[in-house]
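Below is a short report on one protein chain.

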Amino acid sequence: MSAGASRVDVVVVGTGGMGREAAAWVHDLSGQYRLLGFVDDAAPATTVADLPVLGPLTWLQEHPQVQAVVAVGAPATRADIVQRLDAWGVDLAQVVHPSSVVGPRVELGEGTIVCPQAVLTCDIRLGRAVIVNYGAMLGHDGVVGDHAFLAPGVHLAGNVTIEAGADVGIGASVRQGITIGAGAVVGAGAAVVRDVAPATTVVGVPARPIRRG
């Protein structure tokens, strides 16, 4: 695609660190997207990372033809934002950085962000608005549910299931065949060798639960 031809107008939702990173990654896809700026309900500034802050999230309600890159790390917050955008008829832009490796038969849901140097091997299914952060590795036959967050350097072996809204911390490793339940949190550097129940936080090596709910 030639520069400037058939590009899609997008805005990044969120001006925090994840949002500023996402803006840089969208810039790397400039042949596909035209980045207009940010929207953020809480941004005090009018310019972030040399891009305009166009207004609160409701700016998209008034411009439903513009697609949204929802670059907010917290899964519950991202799910809430996506629900509002769905109600307004706003489409979610999919961002797959060119330095990532996405193998055969990998299904990426609407609004998924695959960050630089991530590796998705084969036969993997990602839901809507999933974030696979930089340097993460997902093995064969994995499933990642809607709004889940995989932090930098996460390693998932084959046949791992990450259910909706789970948050897997930086550098965590998950053994083959494990299921991480919906809304669960895996601490940084944890080694998960047993299934994790929904809404449970696990930490350590091997990972053990510290609380429920």
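His140 is in contact (heavy atoms within 4.5 Å) with Thr121, Cys122, Asp123, Ile124, Gly158, Asn159 and Gln176, leaving aside its neighbours within four places in sequence. This is a predicted model: local features need pLDDT of at least 70, side-chain atom pairs count only at pLDDT 80 or more, and totals for chains, interfaces and linings use all residues. Residues are numbered from 1 along each chain as its sequence is written, and side-chain values use heavy atoms, with hydrogens and water left out.

UniProt, in an unreviewed entry, places the feature "active site" at His140. UniProt positions follow the numbering used here, feature names are shortened, and annotations may be inferred rather than shown by experiment. His140 is found in the loop between β13 (137-138) and β14 (143-144). Helices (H or I, at least four residues) and strands (E, at least two) are DSSP runs, numbered from the N terminus. His140 counts as partly exposed because its relative accessibility is 31%. The cut-offs are under 20% relative accessible area for buried and over 50% for exposed, with partly exposed in between (1.4 Å probe, protein chains only).

**The sheet**

The unreviewed UniProt entry also carries the annotation "domain: PglD N-terminal", covering residues 10-85. The end C-alpha atoms of that span lie 13 Å apart, and the span is 36% helix and 29% strand.

An open sheet of five strands has the order β3-β4-β2-β1-β5, with mixed pairing. β3 (47-48) and β5 (67-70) stand at the edges, each with a single partner strand, so one side of each is left without a neighbour in the sheet. Two strands pair if DSSP finds at least two bridges between them.

| Pair | Sense | Bridges |
|---|---|---|
| β3 and β4 | antiparallel | two bridges |
| β2 and β4 | parallel | two bridges |
| β1 and β5 | parallel | four bridges |

Some residue partners can be named. Thr47 stands opposite Pro52 in β4, and Val48 has Leu51 as its bridge partner there. Phe38 faces Val53 in β4. Val10 stands opposite Gln67 in β5. The hairpin of β3 and β4 has two residues between the strands, and Ala49 takes a positive phi near 50° in it.

In a regular strand the side chains alternate between the two faces of the sheet. Both faces of β5 are covered. Gln67 and Val69 are buried on one side, Ala68 and Val70 on the other.

**Helices on the sheet**

β3 pairs with β4 (residues 51-55). Helix α1 (residues 17-27) packs on the sheet and touches β1 (8-13), β2 (33-39), β3, β4 and β5. The direction of α1 makes about 165° with that of β2. Helix α3 (residues 75-88) also packs on the sheet, touching β1 and β5. Its direction makes about 170° with that of β5. Axes are lines fitted to C-alpha atoms, for helices over the stretch in contact, and angles run from 0 to 180 degrees between N-to-C directions.

**The largest pocket**

Which helix gives the largest share of the lining of the largest pocket? It is α1, with four residues. α1 and β2 each supply at least two residues of the lining. Residues lining this pocket include Arg7, Ala23, His27, Tyr33, Ala49 and Leu51. About 150 Å³ of space lies in it.

A pocket is an open set of points on a 1 Å grid over the protein atoms alone, where a 1.4 Å probe fits, with protein on both sides within 12 Å along at least five of seven lines; lining residues have an atom within 4 Å of a point. Volume is the space filled by probe spheres set on the points, which are joined across faces, edges and corners.
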